[in-house]
Amino acid sequence: MNRAAFRALFGPHALWGALPVGAALTALGLGLTGGGRWLLLLGAAATAGALLLLAAVAEAGNGGASAAPRPGRPTSYAPAHVHGVRVVHAGSGRTLRDSDGRAQGTLFVFDLTVVPGRAPYRVLVRHPLDVQGLAGQGKDGTPVTAVAAYDPEEPWRTVLPASPPPRERQRARALAAAPVPTASPVTRVGLPAGASLLVLGVLYAGAAVALVRAAG
């Protein structure tokens with residue numbers, strides 16, 4: 001397990017956030033092992049609510065977008081085609097129809113085909129800045145190309161840098177005249193949002209049920 005996954009699973013937020021999930025699963029476990037019908041019903045209802053909440057967290061997550069490159073890792077630049085841009089709520093990831101992206105609590109999500117020296121790949125990138133700084137724009141101001149910064153070994157870690165080198169901006173502008181290559185979506189590695197809460201909740205519940213049963 002790498003450090004990022006370890007922090008996601010055993011970080012303070014996950015440890016505390018998993019307590020309600022663990023409590024719901026504990027009630028369910030005790031109800032299933034002879035704790036009484038009322039405890040079983042309470043545990044089933046609480047667990048259903050916890051799973052619905054975790055599903056909402058996983059769905060929102062970061063909108064399926066990429067993550068930022070890790071500090072200290074090599075970062076490469078590449079031009080990218082922009083297929084589309086939408087405005088989302090920063091917390092829930094929900095698409096906002098009546099917002100220009102400059103309102104508080106909103107972000108842009110860019111659908112990109114990144115064209116590095118090797119095989120191109122397609123990725124969603126969250127971007128908090130205005131689109132005016134992007135490399136290439138159409139006649140209506142819509143961005144058509146951009147500069148992407150990515151980790152060469154983990155290309156799902158891709159961002160739109162605020163101030164890319166001038167040479168990279170020129171490469172991105174030149175890309176606007178090139179056909180968009182066929183690209184496969186990049187696969188993100190790591191725990192999905194909410195997974196750490198579920199794993200820890202199961203561990204909490206298992207320990208609690210074992211202790212209660214051992215105590216008689």
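How many salt bridges does the count come to? The count comes to six. The model shown in these close-ups is predicted.

**View 1. Salt bridges link R73, D151 and E153 in a network.**
The side chains of R73 and D151 meet with N and O 3.0 Å apart. This pair links distant parts of the chain, 78 residues apart. R73 sits in the loop between α3 and β1, and D151 in the loop between β5 and β6. R73 also meets E153 in a salt bridge, again listed at 3.0 Å, N to O. R73 and E153 are 80 residues apart. D151 has 0% relative accessibility, so D151 counts as buried. R73 is partly exposed because its value is 25%. E153 reaches 64%, so E153 counts as exposed.

**View 2. E168 forms a salt bridge with R167.**
Their closest N and O atoms are 3.4 Å apart. E168 is buried, because its relative accessibility is 9%. R167 is exposed, because its relative accessibility is 57%.

**View 3. Strand β2 is mostly covered.**
Nine of its nine residues are buried. T106, F108, F110, L112 and V114 point one way from β2. L107, V109, D111 and T113 point the other way. β2 runs antiparallel to β3, and seven bridges join them. T113 has R122 of β3 as its bridge partner. A hairpin of six residues connects the two strands.

**View 4. The largest nonpolar core has 15 residues.**
F110, L112, V114, V123 and L160 have the most contacts inside this core. β1, β2, β3 and β5 each give two or more residues to it. A second, separate core has nine residues, including A24, L54, L197 and L200.

Definitions and conventions
Residues are numbered from 1 along each chain as its sequence is written. This is a predicted model: local features need pLDDT of at least 70, side-chain atom pairs count only at pLDDT 80 or more; totals for chains, interfaces and linings use all residues. Side-chain values use heavy atoms; hydrogens and water are left out. A nonpolar core is a set of buried Ala, Val, Leu, Ile, Met, Phe, Trp, Tyr and Cys residues joined through side-chain atoms within 4.5 Å. Buried means under 20% relative accessible area, exposed over 50%, partly exposed in between (1.4 Å probe, protein chains only). Helices (H or I, at least four residues) and strands (E, at least two) are DSSP runs, numbered from the N terminus. Two strands pair if DSSP finds at least two bridges between them. A salt bridge is a side-chain nitrogen of Lys or Arg within 4 Å of a carboxyl oxygen of Asp or Glu.
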